[in-house]
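These are my notebook entries on one structure. I record what I looked up, entry by entry.

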Amino acid sequence: MSESGSRYFTSLVAAGVVGSVLLSLWTLYIDGIINNDGVHYIVTAEHIARGEWADALRTFKWPAYSLLIYLFGLLPGLDYHAAAHVVTTIGFTLAVLGFVAVVAALGGRGRVLWLALVTVLVYPGFNEFRSFLIRDAMFLGFYLFALAALVRFLAAERARDLLLAVGCLLVAALFRVEALAIGLLLPVFPGARRASGRWRVPLAVAYVLVVVPLLAIFYGWWLYRPELAGDAGMILSRPFELFARAMDQVFDEFHGHLAAAGGDGGALAGLGTAAWLVLRETVEAISLPFLGILLFETWRRRLWSSWPARARLLIGWLVVLHVVVLFVFAAAKFFLAPRYPVALAVTLILAVPFALDRYLHAVAGLSGPFRRAAAAGGLGLLVAGNAVEGLDNVSDKQYLRDAGIWLKQNAGADY
C-alpha cells in the first residue's frame, strides 16, 4: 500500500472508531437503564470472578461475553457494569469497521467507503442497541469480518482469507449460535462448485472430520444440556446421539406450539405467524430510509449489479441462511426480539453505499446550485431520518430504576 493509501486507510479507520465510540457514549447518556439480559451477564461475570463456573453456566449458558466483562473489570476504575459497556462498545466498533471491510471486499473504493462508514454509523439497527448489554455486538463484528474474508477468498482463493473467515466465525459463535449455523451450511454454498479443484477435497475432508463433530457437540450441549439431564458423558463420547436428542427436543417444542394453535389449520396459522414475525422485524431492523433505497435499487434491477458474481451468490446464500434461522426460531418460540434480525438486515444494507454513490454520480450531472442542494438535501434527509430513529432512545424504563432504588432503601436485608 502506498503512503497516501495508508494515510487514507488510517483516516477511515480513525473516523470509524471515533464515530462509533461517540455514538455509544451518546446512547448511554440518554438511556442509562440496564436491560434485563444485562443483569444476567453481570451476575455471570461475578460468578466467574469467584471461580464458580457451574453457577455461571446455570445463570447464562453463553459465558464468553461475561468472561470479557470479567477481564475488562480487572482494569482499575471499572466495575462490571462499566466493563460491560466497554465490551459492547468495542463490539459495535468492530461491527462498524467490519461493515466497511465488507464493502471494500465487494469492490468499494474512495467515496463508496466513506459512504459505507456514514451508512453504518447512522444505521438504527446498531444505534438502538448501543446502550444495551448484549453479546450481539461482538457477534456482529466478527460475523462481518468473516464475511469480508469470505468475499476476498472467492476473489483470490488465498488460504489466509479462508482461515481468517473460519477463525472469525468460530469467535462469533461464542456469542450467537447463528455463526455456527452459517459455518454448518457454508460448505454447501452454491458458488463452491466454481472454486478451483485444489480446494474441494481439503474442504470436504475438514468439514466431515472436524467441523461436523464440533458442531454436533456444541449444538447438542447448547440445546439439550446433558449435564442437567444426567447424561454429561455424551458430550464427548457420543456427540451425534447428543445432537439427535437435542433435535428431538427442538421438534417436540415446535410441535407443541403448533398443536396448541389448534390442529392442521392452527399449524398453518402458526407458520404464517412465524413468517410475518420475520418479515415485520426484518423490515423494522433495516429502517425505512434504507428499505426505500433497497426497493428502488431492486426495481431498477441494479441492487447488487456492481458486485462480483460469486460474491452475489455468497450474499444471497447468507440471506437465505439468516431467514431460515429466524423462521425456525420464530416458529418454535412465536417470538423475535427486535435485535435478532439485525445480522440479516446489515447483510442486506451492504448495497446501500453503492446506491448512494450512484445517486451522487447522477447528481454530479446537474447544474451547479441545484446539484449541491439536491446532494446535500437528499443525503441530509437520509442521515436525519436514521439519526432520529436510532439516536433518540431516551429511556422509558426510569420507573424500574426508581423502584429498584426504593426497594434497596426500604426492603430488608433478606430481600
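I call a residue buried when its relative accessible area is under 20%, exposed when it is over 50%, and partly exposed in between (1.4 Å probe, protein chains only). The model is predicted, so I note that local features need pLDDT of at least 70 and side-chain atom pairs pLDDT 80 or more, whereas totals for chains, interfaces and linings use all residues. Residues are numbered from 1 along each chain as its sequence is written, and side-chain values use heavy atoms, with hydrogens and water left out.

**Entry 1: a salt bridge.** I looked up Glu 297 and found its side chain in a salt bridge with that of Arg 302 (3.1 Å, N to O). The term stands for a side-chain nitrogen of Lys or Arg within 4 Å of a carboxyl oxygen of Asp or Glu. Glu 297 has a relative accessible area of 3%, so I list this residue as buried. Arg 302, at 22%, is partly exposed.

Entry 2: Asp 136 meets Arg 176 at 3.3 Å, N to O. This pair links helix H8 (residues 136-156), which holds Asp 136, to the loop between helices H9 (159-173) and H10 (178-185), 40 residues apart. Helices are DSSP runs of H or I with at least four residues, numbered from the N terminus. Asp 136 also forms a salt bridge with Arg 339, with the closest N and O atoms 3.1 Å apart; here the partners are 203 residues apart. Arg 339 and Asp 136 are both buried. Which residues do shared partners join into one network? I wrote down Asp 37, Asp 136, Arg 176, Glu 178 and Arg 339.

**Entry 3: helix H5.** Helix H5 covers residues 80-105 and reaches 37 Å from its first C-alpha to its last, close to the 38 Å expected. The expected span is 1.5 Å times one less than the number of residues. Of the 26 residues in H5, 19 are buried.

**Entry 4: aromatic rings.** I found 10 aromatic pairs. Rings of Phe, Tyr and Trp (its six-membered ring) pair if their centres lie within 6.5 Å; planes under 30 degrees apart count as stacked, over 60 as edge-to-face and the rest as tilted. Tyr 41 and Tyr 65 are edge-to-face, at 4.7 Å centre to centre and 80° between the planes. Tyr 41 lies in helix H2 (residues 36-49) and Tyr 65 in helix H4 (residues 63-73). Tyr 41 is buried at 0%, and Tyr 65 is buried at 1%. I also noted a cluster of Phe 92, Tyr 123, Phe 126 and Phe 290, linked by ring pairs.

Terms used: Helices (H or I, at least four residues) and strands (E, at least two) are DSSP runs, numbered from the N terminus.
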